[in-house]
Amino acid sequence: GPTQSSGSAISWAADLFNSTPEELLSKSLESSNAHNEIFLPYLAGERAPIWRSDIRALFAGLSHQSKFSDIAHAVIFGVGFTARHIIDQAKSLSDELPSTVHLGGASHQSKLWRDIRSRILRSEVISFSESDSSSIGAAILAASAASGVAPEVLALKFSGEKISFTATTEDQNMANIEYTKYLEWVERATH
């Protein structure tokens with residue numbers, strides 16, 4: 001499902017802190033401890049899975065000890081948690097979902113971003129060297145329609161080199177603790 005403000009939330013935070021999205025990404029992994037700082041990236045409402053145009057972003061858990069790296073972590077992981085929230089909703093409706101997650105777009109060429117997504121999603125993540133997933137997807141569907149070859153067979157020919165990553169169980173467990181806090185704040189914000 002679509003989210004409303006993922007990339008734009010990262011850009012907003014980078015501008016707010018006179019930083020760059022790349023710096024937020026690298027700073028977000030500086031601490032190996034569980035973070036208390038949480039960010040709900042609903043700057044312009046939210047589509048899936050909240051479906052509320054009136055809800056707004058919030059930071060929670062900030063203290064005098066919170067550093068730029070903690071806020072960067074909250075922003076980057078908050079954006080990632082929206083994707084997990086959607087996947088968890090889909091899993092609740094189907095027993096047929098795969099154990100790996102395929103990532104698309106240019107941001108997923110980053111090893112840091114694959115690491116973060118794997119931590120958050122608690123699974124192996126796979127991206128491909130060809131980052132223009134929309135155009136590639138359209139080409140795969142067109143080639144499948146013209147040739148009768150299944151899209152999943154053609155995908156391997158169109159997508160470039162397969163890049164996979166799985167975060168450590170410890171890192172996945174740490175992200176899961178933070179995700180639980182995130183869901184608690186989603187619950188508070190939506191009720």
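Reader: How do the axes of helix α3 and α7 cross, and within what distance do they come?
Author: This is a predicted model. In it, the axes of helix α3 (residues 68-93) and α7 come within 10 Å and cross at roughly 80°. That angle makes α3 roughly perpendicular to α7.

Reader: Which residues in α3 meet α7 there?
Author: On the α3 side you have His 73, Phe 77, Gly 78, Phe 81, Thr 82, Arg 84, His 85 and Asp 88. They meet Ala 175, Asn 176, Glu 178, Tyr 179, Tyr 182, Leu 183 and Val 186 in α7.

Reader: And how many nonpolar, polar and charged residues are in that contact of α3 with α7?
Author: By class, there are 7 nonpolar, 5 polar and 3 charged residues.

Reader: OK, what about α4 and α7, at what angle do they pack?
Author: Helix α4 (residues 111-121) packs on helix α7 (residues 169-190) at an angle of about 65°, and their axes are 7 Å apart. So α4 also counts as roughly perpendicular to α7.

Reader: Is the crossing of α4 and α7 left-handed or right-handed?
Author: The α4 and α7 crossing is right-handed.

Reader: Which residues meet in that one?
Author: From α4 you get Ser 118, Arg 119 and Ile 120, and from α7 they meet Asp 171, Gln 172 and Ala 175. The residues of this contact split into 2 nonpolar, 2 polar and 2 charged.

Reader: Switching to strands. What order do they have in the sheet?
Author: The order is β3-β4-β5, in an open sheet of 3 strands with mixed pairing. At the edges are β3 (100-102) and β5 (162-165), each pairing on one side only. From one strand to the next, the twist averages 25°.

Reader: Mixed how? Do β3 and β4 run parallel or antiparallel?
Author: β3 and strand β4 (residues 124-128) run parallel, joined by 3 bridges. On the other hand, β4 and β5 pair in the antiparallel sense, over 4 bridges.

Reader: How many residues of β4 are buried?
Author: In β4, 4 of the 5 residues are buried, so the strand is largely enclosed by the rest of the structure.

Reader: New topic: what's with the phi of Asn 18?
Author: Asn 18 has a phi near 50°, which is a positive value in a residue other than glycine. As a rule, most residues other than glycine have a negative phi.

Reader: Where is Asn 18, and is it buried or exposed?
Author: Asn 18 is in the loop between α1 (7-16) and α2 (21-27). Its relative accessibility is 72%, so Asn 18 counts as exposed, the cut-off being over 50%.

Reader: And Arg 122, what phi does it have?
Author: Arg 122 has a positive phi of about 55°, although it is not a glycine. You'll find Arg 122 in the loop between α4 and β4.

Reader: What is the relative accessible area of Arg 122?
Author: For Arg 122 the relative accessible area is 33%, so this residue is partly exposed.

Terms used: Residues are numbered from 1 along each chain as its sequence is written. This is a predicted model: local features need pLDDT of at least 70, side-chain atom pairs count only at pLDDT 80 or more; totals for chains, interfaces and linings use all residues. Side-chain values use heavy atoms; hydrogens and water are left out. Axes are lines fitted to C-alpha atoms, for helices over the stretch in contact, and angles run from 0 to 180 degrees between N-to-C directions. Helices (H or I, at least four residues) and strands (E, at least two) are DSSP runs, numbered from the N terminus. Angles under 35 degrees count as roughly parallel, over 145 as roughly antiparallel, 65 to 115 as roughly perpendicular and the rest as oblique. A crossing is left-handed if the near helix is turned anticlockwise from the far one by less than a right angle, and right-handed if clockwise. Contact means heavy atoms within 4.5 Å. Ala, Val, Leu, Ile, Met, Phe, Trp, Tyr, Cys and Pro count as nonpolar, Asp, Glu, Lys and Arg as charged, and the others, Gly among them, as polar. Two strands pair if DSSP finds at least two bridges between them. Buried means under 20% relative accessible area, exposed over 50%, partly exposed in between (1.4 Å probe, protein chains only).
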